[in-house]
Structure formats: C-alpha cells, structure tokens
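Let's take a walk through this fold together, strand by strand. Keep the viewer open and turn the model as you read.

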Amino acid sequence: MSALTRLLPLPSDRMGVLWNLLAIQDSYVIEYGPAGTTHFGIGPLGQLKIQPRGRYFVTHMDEGDVVMGDSSRLERAVMEIDRDHKPEHIFIVGSSISSTIGTDLEGIVYYLQDQVQAQLHIFDSGGFKGDMLDGMADVYKSLAELVRESEVEAVPASEKSASYNILGASPDHFRLSSDLNEIKRVLNEAYDLEAATTYVFGGKIQDFDRAAGAEFSLVLREAALPLAEALKEKYDVPYLLVDFYGYQGCRSVLEAIEPILGRSPNPEFMQELSERQSEIALFQMSRRRMGKELKLYSVGTEEFNRGLSLAFAELGLEFAEQIEHVEPETERLAKLAGWQQGLVFADSESLHRMDPSNYGVLTSFPWLKRSQHAEHLPFMGVRGMDFLYECLSNYIFQIV
C-alpha cells in the first residue's frame with residue numbers, strides 16, 4: 001500500500017473565525033489556549049494581508065489550567081485589555097484545549113460582563129465545528145447580531161449618501177485587494193458612487209453608521225447574507241447577491257443597481273463595456289480554426305468556481321471539471337491526476353501536484369508558498385475579465 005501524498009490540511013472553523021475577526025480593524029481578540037497554538041493563527045496573517053496591530057492576544061494555558069479548570073488567566077486578560085485598550089468589543093475565541101476540557105466560556109463571560117466596559121462575545125467551537133468557511137460564516141452571523149443590537153439610528157432615504165457596502169470580503173479570497181479596488185473603480189465610473197464600508201476585510205464595527213447610510217449593499221459571498229439581511233431589516237439598505245465576474249457579469253450588476261438608484265449608469269462606461277464584449281465575441285470564429293480541444297479546470301470556493309464559469313461562458317467555453325477545495329483529499333487528488341493539457345485555476349498545492357502539461361494560474365487559497373503584492377490585478381470586473389482572457393490566450397499559445 002503506497003503512502004498518500006497529502007495536500008495542505010484545510011484550516012478549521014477556528015482559523016476562519018480568527019482570520020475574519022482580525023480582518024476587522026477595530027476588533028480585539030483573545031484566544032483562550034496554549035501559546036503554541038497561536039503560531040498557527042499568526043503564521044499566515046501576513047500572506048492574508050491581515051495586520052492585527054496589537055489586537056490579538058493569547059492567554060496561554062498550563063497543566064493547572066487544564067487539570068484544575070482554572071480560568072483566572074482568561075479573566076485577568078479580559079480585565080487588562082479592557083482597562084488598557086478600552087475597546088468597544090472583545091471577542092473570546094476558545095482553543096481546541098479549552099473546548100476539549102469543557103471550559104464554560106459563557107459562564108465566565110456572564111459574570112465578567114458587568115465588570116468591563118467592552119461588549120464580550122464568544123466563539124467556543126475550538127475548531128471542532130467544521131472548516132474555515134464555517135468559521136467565516138459564524139463571524140458574519142455575529143456581525144448581523146451586532147447590527148440588530150446597534151444603537152445607530154436609521155437614515156431617511158432622502159439623506160442616504162451616494163455610497164454602498166461591500167459584504168463578503170474575507171481574507172481567504174486571493175487578490176482580494178485587487179478585486180475590491182476594481183469593484184470600487186467600476187461603480188465610481190459607472191455611477192459616481194463611493195464605498196461606504198467593506199466587511200470584513202478593512203471594515204470597522206464602529207462604522208455601522210456609515211453602513212446604515214448607504215444606498216445598497218453588494219454581497220460577494222452567500223456567507224455574508226445574514227449581515228446584508230440585518231442591514232436591510234434595521235436600516236432599509238437593500239442588497240444584491242452578485243457574481244462580479246466577466247464583462248456580462250459586470251453589466252448585469254450595473255443594470256441591477258439602476259432601479260435602486262433610479263438612474264442609468266454612465267453611457268460612456270457602458271459603451272466601453274459593449275466594445276469589449278464585441279471584441280471577445282470574435283473569439284468564437286478563431287476557436288473553430290484551432291482544431292484543438294480547450295479544457296478548463298478550477299479548484300476554489302463555490303462562488304469563485306461559479307464566477308469563472310460565467311466569465312468563460314461569454315467566450316462559449318465550459319469547464320471540464322471544477323472542484324471545491326473542501327472536497328475529500330483522496331477525491332481531489334484523483335481528479336487532479338486526470339487533468340492534462342488544460343487551463344487550470346487553482347491553489348498552490350493543487351498546481352504543484354498537477355500534470356506539467358497543464359497551464360496553471362494561482363487563484364485560490366492556500367497560496368502560502370507565494371506572495372502577492374499588486375493591488376491592481378483583479379479577477380472580478382472589467383479588468384478581471386481582461387486578465388482571464390489573457391490567461392486563455394497564453395494557454396492557447398502553449399498547446400497549439
């Protein structure tokens with residue numbers, strides 16, 4: 001029996017919680033667990049473009065805490081951070097150890113809450129609930145509850161600012177900064193709108209007033225729907241669940257915004273978009289002359305795989321196979337082994353293990369062996385489709 005070559009293990013929900021909480025610029029996070037486990041939380045923060053800046057703490061635990069159930073370290077940490085930093089919110093995240101021994105975090109918070117000014121919140125699965133996507137979803141649900149509990153007053157429709165919210169911007173999204181910049185560019189040029197807030201990446205809890213004053217929200221991932229629904233229920237901010245991929249995808253989003261604003265997008269921008277769509281329409285004729293099969297593959301989240309499918313459908317192309325990165329490892333490896341002479345959009349581990357006859361493009365988490373510096377190379381929007389079309393052209397040059 002041959003040994004299985006393992007892919008990088010999928011991060012747990014605990015990691016999803018930590019990464020998404022720390023992406024919020026005014027969050028303070030205390031992890032109740034051994035200091036050693038924190039290394040696995042801090043390690044990839046730079047790659048994920050997260051800068052905690054003194055907002056991430058670990059209590060440490062020794063045998064006395066584990067055997068005797070002593071929680072005084074956590075209690076002192078909460079009191080100290082509340083006193084020294086004066087945050088509005090402190091998020092307490094249980095580790096695998098605290099969850100295994102059954103630490104009653106809810107009971108601890110119950111009697112600590114009256115002794116501190118910060119509002120205390122608990123995430124106590126310890127990494128046993130599921131994968132990082134489950135942790136991400138829990139953070140958006142928590143933000144939704146904070147919106148419902150917020151004392152920020154509703155803004156009358158006549159006083160809404162020419163702005164919008166971007167929801168579902170989580171740090172596991174490769175080239176997130178580039179995609180956010182492209183979304184902002186497109187909406188500014190098409191409608192002269194500015195982004196009010198982005199959640200979670202770069203967002204602040206204290207900016208709920210700005211979120212409440214926006215004209216609408218764009219939701220990039222279904223996990224962020226609870227937050228979008230909370231903003232709609234409390235502040236009457238409508239939302240659109242969007243696939244911002246491809247020229248037509250971009251056009252569809254802009255057309256969906258039109259009835260919300262009661263005005264049409266900039267005709268010059270829409271004309272430029274139409275010209276690009278006309279250009280790629282010519283690809284169908286050149287493709288018929290190739291005499292070569294084009295095979296497309298991808299590994300990524302459900303949203304990213306769907307977005308790529310929509311983008312390449314504009315070129316008359318379908319994906320031969322798409323894998324969600326949460327699929328079982330043995331199945332993923334078996335499928336990867338069968339991909340040959342294709343254009344593959346995937347994470348660094350999948351690209352490393354695929355057949356060398358493929359043309360690979362790094363697009364998905366994890367990318368821990370690579371660095372990303374540019375913030376102007378998106379996959380979404382107009383420029384994102386420009387790049388995807390260029391990837392296709394480079395792939396064709398390789399196989400023809």
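In what order do the 4 strands of the open sheet come? The order is β2-β1-β3-β4, and the pairing is parallel. Before going further, please note that this is a predicted model, in which local features need pLDDT of at least 70, side-chain atom pairs count only at pLDDT 80 or more, and totals for chains, interfaces and linings use all residues. Residues are numbered from 1 along each chain as its sequence is written, and side-chain values use heavy atoms, with hydrogens and water left out.

Helices (H or I, at least four residues) and strands (E, at least two) are DSSP runs numbered from the N terminus, and two strands pair if DSSP finds at least two bridges between them. Strands of a sheet pair through backbone hydrogen bonds, either parallel or antiparallel.

Back to the open sheet of 4 strands. Its edge strands, pairing on one side only, are β2 (56-58) and β4 (119-123). Neighbouring strands are turned by 20° against each other on average, direction ignored; axes here are lines fitted to C-alpha atoms, for helices over the stretch in contact, and angles run from 0 to 180 degrees between N-to-C directions.

Now look at β3, residues 89-94. With β1 it pairs in the parallel sense over 5 bridges, and Tyr32 stands opposite Gly94 in β3. With β4, strand β3 also pairs in the parallel sense over 5 bridges, and here Phe91 has His121 of β4 as its bridge partner.

Helix α6 (residues 105-112) packs on this sheet, touching β1 (28-32), β3 and β4 (contact means heavy atoms within 4.5 Å), and its direction makes about 180° with that of β4. Helix α7 (residues 132-149) lies across β3 and β4, running at about 155° to β4.

Why is β3 largely enclosed by the rest of the structure? Because 6 of the 6 residues of β3 are buried, where buried means under 20% relative accessible area (1.4 Å probe, protein chains only). His89, Phe91 and Val93 cover one side, while Ile90, Ile92 and Gly94 lie on the other.

Further along, strand β11 (residues 343-346) has both faces covered too: Leu343 and Phe345 on one side and Val344 and Ala346 on the other are all buried. Strand β9 (residues 296-300) pairs with β11 in the parallel sense over 3 bridges, with Leu296 opposite Leu343. Strand β12 (residues 359-362) runs parallel to β11, joined by 4 bridges, and Leu343 stands opposite Tyr359 there.

Key: Buried means under 20% relative accessible area, exposed over 50%, partly exposed in between (1.4 Å probe, protein chains only).
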